Amino acid sequence: MIDALHISASGLRSEQKQIDVISNNVANMQTPGFKRSRANFVEVASQVVGSGATGVHSEGHGARVLSVSALFTPGELRMTQNPLDLAIEGHGFFELEAEDGGVVYTRAGQFRLDAEGYLVSVSGLRMARGFSIPQDASDLRIAPNGEVSVMLSGDSERTLLGVIELASFAAPDALVSVGDNRFVATDEAGVPTYGRPGEVGLGQVQQGYLEMANVDMINEMSTLVMAQRAYQLNARVLQAADQILETINNLRR
């Protein structure tokens with residue numbers, strides 16, 4: 001009976017984590033580039049019981065959340081008409097220079113120019129391998145293949161400044177979220193490969209658009225209802241186990 005208490009308690013903790021994950025998804029449904037997360041449940045290590053003629057079987061000892069992973073299904077592209085807003089239509093990530101000298105990856109394409117004319121994210125991180133856009137430049141255009149061109153003062157033709165490259169991973173689901181819509185690479189995700197937008201395996205860049213969160217409200221609400229039901233059932237099991245223990249204790253008096 002003591003096992004039932006621990007097992008139902010593990011279910012309560014796991015479902016609480018599931019509800020926390022759903023809450024974070026719903027809270028970020030208007031966050032550009034946000035990728036919804038999913039709690040990955042596993043059974044707690046089973047215990048081998050019995051042997052010989054009776055056979056060998058195992059008993060579970062509850063559930064736990066092994067990990068929380070991001071789901072990189074595409075979000076809706078929303079027009080903003082801001083020339084520095086970029087959306088990736090397909091696979092790929094923007095690579096940013098992190099504060100610690102490393103790099104992070106994001107799908108959030110809300111960019112602006114810093115004091116030196118470099119593209120920076122909304123949190124101030126420069127785009128990796130970026131280039132400066134002259135202050136006298138006008139009519140900034142970013143083509144679907146990542147080519148950035150402007151009109152310079154006194155010129156009659158457009159000037160190509162550079163190309164925005166995208167990064168991709170063999171297993172993007174293994175990237176780890178570090179907040180602010182940023183992800184860091186892991187050994188499980190593989191080594192990042194780089195290329196122009198539109199090349200094999202990479203999506204195209206859409207100027208003047210933002211990729212919105214891939215959170216589906218109906219799906220989140222249905223998952224929340226299931227998590228609530230599971231939480232209630234685990235609570236009832238806990239209560240039933242407690243009542244049985246109380247009955248056993250009263251029999252001894």
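1. Residues are numbered from 1 along each chain as its sequence is written. In this predicted model local features need pLDDT of at least 70 and side-chain atom pairs pLDDT 80 or more, whereas totals for chains, interfaces and linings use all residues.

2. Domain 1 comprises 1–47 + 57–72 + 215–252, and domain 2 comprises 76–212; such bounds come from an automatic or database domain assignment. Their C-alpha centres are 38 Å apart. Nine residues of domain 1 and 13 residues of domain 2 make the contact (heavy atoms within 4.5 Å).

3. The two domains bury about 980 Å² between them, 58% of it from carbon and sulfur atoms. Buried area here is the accessible area (1.4 Å probe) that two parts lose on being put together, summed over both. On the domain 1 side, Pro 32, Gly 33 and Phe 72 supply 57% of the area buried against domain 2, more than any other three residues.

4. One salt bridge is found across the interface (a side-chain nitrogen of Lys or Arg within 4 Å of a carboxyl oxygen of Asp or Glu). The side chains of Lys 35 and Glu 211 form a salt bridge at 2.6 Å, N to O.

5. What lines the largest pocket? Its lining includes Phe 72, Arg 107 and Phe 169. A pocket is an open set of points on a 1 Å grid over the protein atoms alone, where a 1.4 Å probe fits, with protein on both sides within 12 Å along at least five of seven lines; lining residues have an atom within 4 Å of a point.

How values were computed. Side-chain values use heavy atoms; hydrogens and water are left out.
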